[in-house]
Amino acid sequence: MKKFISIVLIIIFALSSTGCSRTKQEIDKLSVALAIGFDLTAEGKYVLSVQILSTESKPSTSVPKKSPSNVVVFTSSGNTPYDAINHISTTLGKNLFFGHSAYIIVGNRLAENGLSLILDATLRNSDTRPDRPLLLTKGNALDIIKATTADEKIPASAIDNILKFQVSKGYIPKTSRLDFANSLASKTSAPILGLINLEKTNNADNTFVAAGTGVFKKDKLIGYLNKNETRGMQWINGKVQSGNLIVQTPDSGMITFDILKSKATVKPILKNDNITIKINIKEEANVVEMTEDIDVMKTPDKIKKLNELQNQAIKSEVLSVLNAAQKKLKADIFHFGSKVHRQYPKFWKTAESDWENIFPNLNVEVNVDSSVKRPGIISKPIK
């Protein structure tokens with residue numbers, strides 16, 4: 001038995017070594033794409049922009065001398081996304097390798113015209129990882145791809161790091177191409193994409209701002225959620241795991257809570273052929289700033305007041321996104337329809353075809369249960 005295991009291990013090692021050797025030879029003939037952008041021209045041409053890892057030992061002349069960037073940016077256009085990819089490979093003299101791309105970003109005009117062909121082209125490519133983020137910008141994707149920052153040699157890494165922070169704070173959703181495609185497959189759910197834009201600061205350096213959400217009807221962009229509405233959506237999804245909550249008190253004071261974690265449950269309730277969605281949110285936080293004259297050490301019952309202030313602030317954000325989704329966009333970004341389908345399959349057979357009219361008038365009950373874990377090591381505010 002031991003001899004058999006040894007033979008198997010030797011075969012596996014030999015095959016692995018052969019595969020690695022072949023891969024090394026292929027990589028020398030590839031251009032490694034770190035970030036990918038797609039835009040659409042007014043004439044209907046697809047514009048591809050790729051951020052490619054520079055293999056030169058000295059800084060590339062394609063970027064400003066002051067920039068520490070280790071990447072170069074190439075663009076091409078074509079009648080289809082794959083046509084644009086083919087054209088850029090011809091210019092480079094190498095095939096593009098997408099396996100290390102941090103994200104794909106699409107421009108506003110392309111999003112408004114539909115993303116189905118982009119999804120088809122990129123999901124069919126076996127090199128690309130379908131779990132990597134698909135992002136949206138209000139301008140052109142090219143502007144994001146070619147932007148450099150003063151403190152990061154690889155701009156794609158800068159955006160990747162920003163996304164990790166903002167996703168945990170709830171200010172941007174993380175949607176992969178696979179997530180988007182699955183939402184498209186649903187007859188009732190509205191796909192969403194995280195929003196990233198470019199801001200110019202006073203010293204002319206680029207700043208990436210990752211906050212907000214693009215909302216789609218099928219594969220076409222129909223509107224946006226702002227930063228606070230996006231966090232309201234993420235409270236419902238149980239995705240807010242850090243950040244701060246600033247609350248104004250009735251006495252014009254201010255309290256800042258440091259969010260520790262949250263979770264949420266969404267449950268449809270059917271009664272008399274009417275659906276009610278019940279959302280329960282639990283959140284924990286510490287107090288990190290306070291101007292309100294509350295001595296928590298001497299009056300522990302005041303913790304209840306702090307909890308209630310948090311409850312109201314969180315509920316306000318949730319109600320704002322419910323209003324935006326139901327009344328303004330009329331888009332089920334919460335997958336309520338899918339939850340009703342799972343809970344009440346018989347009822348869903350009659351409701352599915354009319355969900356577009358049911359959702360805007362759906363009764364939603366929101367309950368928030370907050371808990372302050374630590375009010376701080378001082379009792380009263382410093383004045």
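I began with Ile255 and looked up its bridge partner in strand 12, which is Met290. The model I am reading is a predicted one.

Strand 11 covers residues 254–271 and strand 12 covers residues 274–290. They run antiparallel, and I noted 16 bridges joining them.

Then I turned to the helices that lie on these strands. Helix 10, residues 336–343, packs on the sheet and touches strand 11, strand 12 and strand 13. Its direction makes about 45 degrees with that of strand 11. Helix 8 is formed by residues 227–237 and lies across strand 10, strand 11 and strand 12. I noted that helix 8 runs at about 60 degrees to strand 11.

In what order do the four strands of the open sheet come? I read the order as 10-11-12-13, with mixed pairing. The edge strands are strand 10, at 244–248, and strand 13, at 363–374, and each of them pairs on one side only.

Last, I checked the confidence. The protein chain has an average pLDDT of 85, and 83% of the residues score at least 70. Where does pLDDT stay under 50 while the model has zero contacts beyond four places in sequence? I found this over residues 1–25. Over residues 57–67 pLDDT also stays under 50, and for that stretch I noted six contacts beyond four places in sequence.

Terms used: Residues are numbered from 1 along each chain as its sequence is written. This is a predicted model: local features need pLDDT of at least 70, side-chain atom pairs count only at pLDDT 80 or more; totals for chains, interfaces and linings use all residues. Side-chain values use heavy atoms; hydrogens and water are left out. Two strands pair if DSSP finds at least two bridges between them. Helices (H or I, at least four residues) and strands (E, at least two) are DSSP runs, numbered from the N terminus. Contact means heavy atoms within 4.5 Å. Axes are lines fitted to C-alpha atoms, for helices over the stretch in contact, and angles run from 0 to 180 degrees between N-to-C directions. pLDDT is the predictor's confidence in each residue, from 0 to 100.
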